[in-house]
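This report describes charged side chains and their surroundings. Please keep the sequence and the structure in view while reading.

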Amino acid sequence: MKKHKILLGAMTISASILLSACGGGSSSEKEDSLGKINLAYVEWDTEVASTHVVGQVLEEIGYDVSLTPLDNAIMWEAVSKGEADAMVAGWLPATHGAQLEKYGDNLIDLGENLSGAKIGLVVPSYMDVNSIADLDAEAGSTITGIEPGAGIMIASEKALEAYPNLKSWSLLPSSSGAMTVALSQAITNNEEIIVTGWSPHWKFASYDLKYLEDPEGIFGGEETIHTFARKGLEETSPEAYKVLDAFHWTAEDMEEVMLEINDGKKPKDAAADWIKENQETVDKWKADVK
């Protein structure tokens, strides 16, 4: 119960400081609102992009939308308990397989919203190594990671155990932003670096990078990103449910939004621009809305 209250408190605080998907509407718009929708997400570049795009589309059809950033595990828990309405950030089958097993019975899986995703260890292409099994003492025997508890971090910890050549290596937790800063600095100085990587991601468009081969299969194969909703959303917010169910885009679409954000554009502005330029795709998501 204490944990539950903490979660609710955290979400209330988050919601109070969050911007709505479009930065707030007029009084008349709110009077016409179809209701409130709270989308949970993790502040990874991929999920910042997708959640802002979906949030703005839901706002376009008349919802009062809040976007709530949470830690990964709390995001899954919040939707499973109905404390958030949905999220578009479920990487399967490997990255979030443990979370799906734990919370899946209390969630509605609306299927994939993006295919062709991938996770693994990534290095600059100038590094003379192509396989995890061939790593020796590069980059000070350190893998630069992101937030502890992320699926890619759990897989990286398993890699340290599975590959004999990595027994003396360490995994350095940081954040998504700190990892990309470290990557950028290393490339500028032509230094060795090994990072936890996933795609789609803007860094593949910005830098010449490569995934290390994974002969033990620790990081799995191709992944898909799924949309999950709380049970009962279809009955309470049917139009939002239809859009979330129809939401599907490509890795190129997501990378376009991510790159704009990385270049300095606000997420809501990058999302709005993508929607404006891809109205035909967005109209398909809204096709069944009355």
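In which helix does D245 lie? D245 belongs to helix 10, residues 238-246 (helices are DSSP runs of H or I with at least four residues, numbered from the N terminus). The model is predicted, so local features need pLDDT of at least 70 and side-chain atom pairs count only at pLDDT 80 or more, while totals for chains, interfaces and linings use all residues. Residues are numbered from 1 along each chain as its sequence is written, and side-chain values use heavy atoms, with hydrogens and water left out.

Helix 10 also holds K242 and E239, three residues apart, about one turn of the helix. K242 and E239 form a salt bridge, that is, a side-chain nitrogen of Lys or Arg within 4 Å of a carboxyl oxygen of Asp or Glu. E239 is buried, with a relative accessible area of 13%, whereas K242 is partly exposed at 25% (buried means under 20% relative accessible area, exposed over 50%, partly exposed in between, with a 1.4 Å probe and protein chains only).

The structure holds six salt bridges, including those tabulated here.

| Salt bridge | Closest N to O distance |
|---|---|
| K242 and E239 | 3.4 Å |

Shared partners join E260, K265 and D273 into one network of salt bridges. K265 is partly exposed, with a relative accessible area of 28%; E260 is partly exposed at 32%, and D273 is partly exposed at 30%.

Conventions. Helices (H or I, at least four residues) and strands (E, at least two) are DSSP runs, numbered from the N terminus.
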